[in-house]
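Dear colleague,

Please read the notes with the structure open beside you.

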Amino acid sequence: MTDELAKAQAELEAARQAQLEAEARLAELHAGAERAKVDAPPSPADEETPEQAPPVAESFEEAPVSAPTPLDPEQPAEPGAPVEERDLAGPLGADAVAAIRTGYAFDGTALEMGALVNGEPDSETQVRIPLSMVNRHGLIAGATGTGKTKTLQVLAEQLSAAGVPVFAADIKGDLSGVATAGASDDKLLARTAGIGQPWEPRAAPVEYFALGGVGNGVPIRATVLDFGPTLLAKVLGLNDTQESSLGIVYAYADAQQLPLVDLKDLRELLLWLTSDEGKEDLRRLGGISSQTAGVILREITAFSEQGADVFFGEPDIDTREFLRTTQDGRGVISLLEVPGVADQPALFSTFLMWLLADLFEDLPEVGDVDKPKLVFFFDEAHLLFKDASKDFLGAIVQTVRLIRSKGVGIFFVTQTPKDVPDDVLAQLGSRVQHQLRAHTPDAEKALRATVRTYPKSDYDLGEVLTSLGIGEAIVTVMNEKGAPTPVAWTRLRAPQGSMDPTPEAEIQRAVQASPLLPKYGQAVDRESAFEILQAKLQSAQKAEQDDAARTAAEEEAKRLEQEAKRNRAGGSAGRSGGSSRSGGGNVVTEFLGSRSGQAMVRDIVRGIFGNRRR
């Protein structure tokens, strides 16, 4: 069904282009006809004499240089040239168009989004985002197939060119085309010329990453301790009670100096606390029952069996690796390749949140800056907020609100604004809304809710949002003074990189040549909670075995001693009764009752219990 819709939308776009071409051709024919009338000699009128006919000019004067230049759809005017106002036959009047043109005319550096659409593209009215306002965060929303990924690519390319590093997750794999120069064709050049975009092919510097090395990229890992109980509870799907209990377990590990590096460390800690050896520690912790600990243990075991072990461990990534620039000053675009974890969406989205939280902890306060230190694109953002606990949502809101002062901008990319909680939406300064579809009552309700969140405009947004073409969006951003710009129906720019994925062989070559691969490529398994608790458990078991062997040996020695006494007593009675044997009591019994004999017995018992020193 999605392919059919995409095909229908493509046909509609082609029809629109054909209509524009036909209108331009018709206008040219009309202009030719008018010129023919002017050039043709006047025909005598039936009731007019030559003296009554209007005079014909003998000479012509050139128009002044300052005269406005008429717009030509095929040849946009030079920037700054006076432009003749015209009726665009769109939803906006001349005053509204002028207000939009003024509203997006910024003094500082800006990211070029595209041109205003008012019936047809107006190349003289460009829509932009001030670079200094990008760290006020943003939202890119729209139905599947409406061009969200290409919008993300356009922004990432311009940010990189401006010297701003970018981090983005490549969910479907097609964003990797940013590393390859694009290919031009007539359709692309016609579109870019129509919106005043001076298009040329260009590749951006890219570093590929992969969660735990699953996929093509430098492995990204995190320790269980750094990940924290709140984020891990989100991944495991724990309820509020279980999440708080997991926090207590983390506190116990910290107090006992048990490093939690990977999942086997946490699993071993829970096994210890639920065992006979650790149940006293569990009781002293308070606030956590053995049943709750067992539930958490089962969830971690199941999570590990799904292959999640590779995502946790060392060396853990230094998030400052995402802030790199090239020698020529361009920002490096860090792409997280995640096709291998498509069946673990909660893990993927929560890992991205961990990266943000880690950046927040590492980066210093910078306040307002001319350009961001990093822009973070959070694709498939609805996965992050699905089934999230109150504590988790609170952590996200706090991070989004405060990380701006660290110079980091965040763009959430999702299908509808309702996927993002209101507290997070309130923090977003820029909005790029692609087409919404209202084929169901819920979708219709979401459309009305979206319309209400926009500033007042001359558009019928309910109608416009459902009729946007592919690569078009409703845009409003935060201007340089922090106020929202006018709502603008925008035909967005085309990426300068390839719209197709970069070939896998080229990605693999780039990964192998990365200077980060020797540092993060090989996992390291150092001594941590697993090894410490295993040694502690073995020590406890050995002590128990030694106690059991000692008790058994002592009991055996007592038994032998009692038997020896009985034998000696019997031997004395025999001698007094006239026994003819000489030399006293039983030799074996006397030996076993001696100190040397008892030592030998203990040694034999130790051998039986398997704890004799070798």
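In this predicted model, Phe-376 counts as buried because its relative accessible area is 0%, where the limit for buried is under 20%. Phe-378 is buried as well, with a relative accessible area of 0%. The structure holds 15 aromatic pairs, and one of them joins Phe-376 and Phe-378 in a tilted arrangement, with 6.0 Å from centre to centre and 55° between the planes. Both values are quoted because a pair of aromatic rings is described by the distance of the centres and the angle of the planes. Ring pairs also bring Phe-376 and Phe-378 into a cluster whose other members are Phe-167, Phe-209, Phe-322, Phe-385 and Phe-412.

Two lysines are placed over aromatic rings. The charged end of Lys-234 sits over the ring of Phe-392, at 5.5 Å from the ring centre, while that of Lys-264 sits over the ring of Phe-530, at 5.7 Å from the centre.

For the overall picture, the protein has 614 residues, of which 43% count as buried, and it contains 20 helices and twelve strands. Among its contacts with a separation of 6 or more, 74% are between residues 24 or more positions apart. The protein exposes about 32,200 Å², and carbon and sulfur atoms supply 51% of that area.

How many residues make up the largest nonpolar core, and which of them have the most contacts inside it? That core has 78 residues, and the ones with the most contacts within it are Phe-351 and Phe-412. Its largest share, ten residues, comes from helix α10. Apart from this core lies another, of 53 residues, which includes Phe-106, Val-206, Leu-468 and Leu-492.

Helix α10 itself runs over residues 345–362, and its 18 residues reach 26 Å from the first C-alpha to the last, close to the 26 Å expected at 1.5 Å a residue. The helix is mostly covered, with 13 of its 18 residues buried.

Leaving out residues up to four places away in sequence, Val-420 touches Leu-139, Phe-385, Thr-414 and Leu-425. Val-420 and Leu-139 are 281 residues apart along the chain, yet their C-alpha atoms are separated by 9.3 Å.

A second example of residues brought together is found at Leu-225, which belongs to helix α5 (residues 224–236) and is partly exposed, with a relative accessible area of 44%. Leu-225 and Val-261 are 36 residues apart in sequence, while their C-alpha atoms are 6.3 Å apart in space. The contacts of Leu-225, not counting residues up to four places away in sequence, are with Tyr-250 and Leu-260.

Finally, a few points of the backbone deserve a look. Gln-257 has a positive phi near 55°; it lies in the loop between α6 (240–255) and α7 (263–273) and counts as exposed because its relative accessible area is 68%. Glu-380 also has a positive phi, of about 50°, although it is not a glycine. The place of Glu-380 is in the loop between β8 (374–378) and α11 (382–385), and at 22% relative accessibility Glu-380 is partly exposed. Lastly, the peptide bond that joins Glu-314 and Pro-315 is cis, with omega about 0°, and Pro-315 lies in the loop between α9 (290–305) and β7 (333–337).

With best wishes

Terms used:
Residues numbered from 1 in each chain as written. Predicted model: local features only at pLDDT ≥ 70, side-chain atom pairs only at ≥ 80, totals over all residues. Heavy atoms only, no water. Phe/Tyr/Trp six-rings, centres within 6.5 Å; stacked < 30°, edge-to-face > 60°. Buried < 20%, exposed > 50% of the residue type's maximum accessible area, 1.4 Å probe, protein only. Lys NZ or Arg CZ within 6 Å of the ring centre and 35° of its normal. Helix = DSSP H or I, 4+ residues; strand = E, 2+ residues; numbered from the N terminus. Contact = heavy atoms within 4.5 Å. Areas by Shrake-Rupley, 256 points an atom, 1.4 Å probe, with all protein chains shown as cover. Expected span 1.5 Å × (residues − 1). Core = buried A, V, L, I, M, F, W, Y, C linked by side-chain atoms within 4.5 Å.
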